[in-house]
Amino acid sequence: MNDDQWFPPSENDDLTGNIHQRTEELYRISNCEVNDNGTFTCPAFVLRDMVIFPHMISPIFLSENQSFLAIEAAQANNETVVSVFLAEDNFEGDQAAKFLAVGVELAVGRMLSIQGGDHSALAQGRRRIEIVSILQTEPYLIIEAKPVIDDFQITRQLKALMRTSRSLFESCVDLNESLPEEAHLYSMNINDPGWLADMIATSLSLPFETRKELLLLTHPADRLKMINKSLAEELDVLELEDEIQAQVQTEVDRSHREYYLREQMKAIQIELGEGDIWTQEILDLEEKINTTDLPEQVKTQALRELQRLQQMPSMAPEVGIIRTYLDWLLELPWTETSEDNLDVLHASEVLDKDHFGLKKAKDRIIEYIAIRSLHPKRQHQPILCFVGPPGTGKTSLGKSIANALGRKFVRISLGGVRDEAEIRGHRRTYIGAMPGRIIQTMRRVGTKNPLFMLDEIDKLGADFRGDPSSALLEVLDPEQNNSFSDHYLEIEYDLSEVIFITTANTLSTIPPALLDRMEVIEFSGYIEEEKIEIAKRFLIPRQLQETGLEDEGIVYQVTALMKIIREYTYEAGVRNFEREIGSVLRKIARLKTENKDYPHHVTPQAVRKFLGPQTFFETEAEGDDEVGVATALAWTENGGEIMPVEVLILEGKGNLQLTGQIGEIMQESAQAALSYIKSRAEMLDIDPEIFENVDVHLHIPEGAIPKDGPSAGITLTTAMISAFTNRPSYHQVGMTGEITLRGRVLPVGGIREKVLASHRAGLKKVIFPEKNEKDLEDLPKSVLKEMELVTVKHMDEVLSIALHEKKQHARSMKRRGIKKTASEDSDAEGG
């Protein structure tokens, strides 16, 4: 190798063939001759991911056919070729602006074929060039370029920069084992500042973008400043690596020292006749395995792992892993069970004592206990899914069921769980591996037949780590969970004696396969009467005890409880209801401790005083019969609501405008309603031509609240027909039901909550689908007595109940001063 060349360290030197022979070939290639304008023309190719600076030699790898042709053209004339660099990867615009302004003239040796059809060659950087113009792009690139001449003088500043560069580079070479010592010696013999900067840049592992920035700097002083900055950053990283390596070495030395000391301790103990601690520990484990009641398969696996442990030195890294695994095997409840209390009357008393209502869930548990008492060896346990709004008693009922059966109760929350290993565990090949949460909980509870509650199963997630809901399929399948497989244990574990109860707020996010394995029991929201009864039995006594007022004779009036429910809470459950009850009692407790007068009877006025202004406002029913207004009934997670629907007929071009944050399904219901009205225009005494000359604006108030669902279909239709025919609707009538294009009324959900909401709002009559008549069984008798509930099958029945007669319609048109044609006047008078 000539003295004026430097080969950067490369992992690909084996691809360059005979390095010295191929280097000599490069020297025989002459630079392109410069013409009178100071420019030259030569082939060029795009060099990606690397920069070969002037005076440097490095292998290049070619995969593009265009680059291959350009180099062949240059070699045919024994001339150099120019390497250019893309300014941006996805540049679209002028060809000249596509490349960096500065490139490098290269001498490229003969090309060798490598695996995959690509080629390699040895290239030597000759000089920087500046691109003048692009002469040709196909079949390969030809450019006009001019050499970049370093015009500088060696100043004191430049000498200082060079000295700094050499000093920093020397420190990097000392700390970086991949840089040979010859690199520093070579840099000491370079007197050209630009060459020095390029040589150091080639030696360092600089990012490609940084190398391109360095290439664009034509003045040596600028290049040296940039190199010094990169050297300083590299030196900081190398010093940190060196410090970390020293710490690691210290730890290794300490481990060796501890090993030698332990070996000496072992020898001393043997001499004293005290025995080996490690051997004693192995014997203790073996005795524990033999005395513990384990299934045959588990005992075999434990003895196999113990044998592996005996063959290892006490300081082996795997000793802790095996020891932890044996602890898990020995501490899991393989055969331990708690005895079930199968007294049906006792279970009924416990459930009724702890919870009010929830008849379906209680009946299902009583049925299970009855069957177990008749068939004690029954293997399959019920797998229930309690679905309902927050605060309706799902989790607390699970605890009561465990108390009634005499089983231990355990609960894990699945909300936000996204890793399958949370359920099935990690394999022992991973550091820190442990069983999944199912096995962990079974170890904690200590029996193999607890009541296991999986809370918030509807909030399971899934990502790149797996789908935990799929792992639960085996857990919640009575046909499979007798051989549950945890990745950590690698032994089947029997979960068939566990009663699993899951809870969810909605079924929509639970995968169908998982939902199919569970028996769903719905927890509907509590009605007002139920909340008052729950408050009397459970909430008020509990809050009196927590506030220390149980002996003070504090009594809540029913009207005060109703005020809290209606004006200070908005929920299907009773959590916030209990908080507000507790808030009132805490303020009473404060008055007592301050020796001030406090009320012994909590009245509505006391509630207003202690809780402040009303927080929630119920939608009020309309006060008068009006045209274009009808009252819909809606279901929410927090119970039922009434929902007024308003319709205006405006001059226009037949458009339907929907406002009030209406969802897609409700928008489709409105379109179906309008189509139904158009198809029945003549029967409804509506001029068919009017639809092309007016716009229909349908609005549902409280626009900040999203609304969706098909159950408002008959209400939308009624409001539109009222507006088109000018027939007022009865303001004390609420309605719910889905409508078809033929006017049929289809069943909907939430009838119980909707009827109760209409009762609270003061409505006297509710129209609902005939097929929903079965849903009236759960309504309180007082509501059934005070309200008229009408079932319908077709839209014609709805109109006859909800709208005034046509005679009233004619009077209404006159009263409102609406212009009519002569024929309409005669029809109205005739009617």
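Is Asn-726 buried or exposed? Asn-726 counts as buried, because its relative accessibility is 4% and the cut-off for buried is under 20%. This is a predicted model. Asn-726 sits in the loop between H23 and strand E21 (733-735). Its backbone deserves a look too. Asn-726 has a positive phi of about 65°, although it is not a glycine.

Now turn to Asp-49. This residue is not a glycine, yet it has a positive phi of about 65°. Asp-49 lies in the loop between strand E1 (40-46) and strand E2 (57-62). Asp-49 counts as exposed, because its relative accessibility is 66% and exposed means over 50%.

Another backbone detail is found at Pro-139. The peptide bond from Glu-138 to Pro-139 is cis, and its omega is near 0°. Pro-139 belongs to the loop between strand E6 (119-136) and strand E7 (141-147).

Next comes the core. In soluble globular proteins, nonpolar side chains tend to be buried together. The largest nonpolar core here has 53 residues. Phe-45, Ile-60 and Met-199 have the most contacts inside it. Leaving aside neighbours within four places in sequence, Phe-45 is in contact with residues including Ile-60, Leu-62, Ala-70, Ile-71 and Leu-106. Its partners also include Ser-67 and Ser-83.

Helix pairs come next. Two packed helices are described by the angle between their axes and the distance between the axes. Take helix H9 (residues 296-310) and helix H10 (residues 318-331). Their axes come within 10 Å and cross at roughly 160°. H9 is therefore roughly antiparallel to H10, since angles over 145 degrees count that way. H9 passes H10 in a left-handed crossing. On the H9 side, the residues that meet H10 include Val-298, Ala-302, Leu-306 and Leu-309. On the H10 side, Val-319, Ile-322, Tyr-325 and Leu-326 are among them. By class, this contact of H9 with H10 has nine nonpolar, one polar and three charged residues.

Compare a second pair. H11 and helix H12 (residues 359-374) pack at an angle of about 160°, and their axes are 10 Å apart. That makes H11 roughly antiparallel to H12. H11 passes H12 in a right-handed crossing. Val-344, Ala-347, Ser-348, Leu-351 and Asp-352 in H11 meet Lys-362, Ile-365, Ile-366, Ile-369 and Ala-370 in H12. By class, the contact of H11 with H12 has seven nonpolar, one polar and two charged residues.

Stay on H11 for a moment. Val-350 is found in helix H11 (residues 344-354). Val-350 is buried, with a relative accessible area of 15%. Setting aside neighbours within four places in sequence, Val-350 is in contact with Ser-400, Asn-403 and Ala-404. Val-350 and Leu-62 are 288 residues apart in sequence, and their C-alpha atoms are 81 Å apart in space.

Move along the chain to Gly-663. This residue lies in the loop between strand E19 (656-659) and helix H22 (664-679). Gly-663 is buried, with a relative accessible area of 16%. Not counting residues up to four places away in sequence, Gly-663 touches Lys-707 and Asp-708. Its C-alpha atom is separated by 68 Å from that of Met-56, 607 residues apart along the chain.

Finish in H23. Thr-717 has its place in helix H23 (residues 713-725). At 0% relative accessibility, Thr-717 counts as buried. Leaving aside neighbours within four places in sequence, Thr-717 is in contact with Ala-673, Tyr-676, Ile-677, Ile-739 and Met-795.

Conventions:
Residues are numbered from 1 along each chain as its sequence is written. This is a predicted model: local features need pLDDT of at least 70, side-chain atom pairs count only at pLDDT 80 or more; totals for chains, interfaces and linings use all residues. Side-chain values use heavy atoms; hydrogens and water are left out. Axes are lines fitted to C-alpha atoms, for helices over the stretch in contact, and angles run from 0 to 180 degrees between N-to-C directions. Helices (H or I, at least four residues) and strands (E, at least two) are DSSP runs, numbered from the N terminus. Angles under 35 degrees count as roughly parallel, over 145 as roughly antiparallel, 65 to 115 as roughly perpendicular and the rest as oblique. A crossing is left-handed if the near helix is turned anticlockwise from the far one by less than a right angle, and right-handed if clockwise. Contact means heavy atoms within 4.5 Å. Ala, Val, Leu, Ile, Met, Phe, Trp, Tyr, Cys and Pro count as nonpolar, Asp, Glu, Lys and Arg as charged, and the others, Gly among them, as polar. A nonpolar core is a set of buried Ala, Val, Leu, Ile, Met, Phe, Trp, Tyr and Cys residues joined through side-chain atoms within 4.5 Å. Buried means under 20% relative accessible area, exposed over 50%, partly exposed in between (1.4 Å probe, protein chains only).
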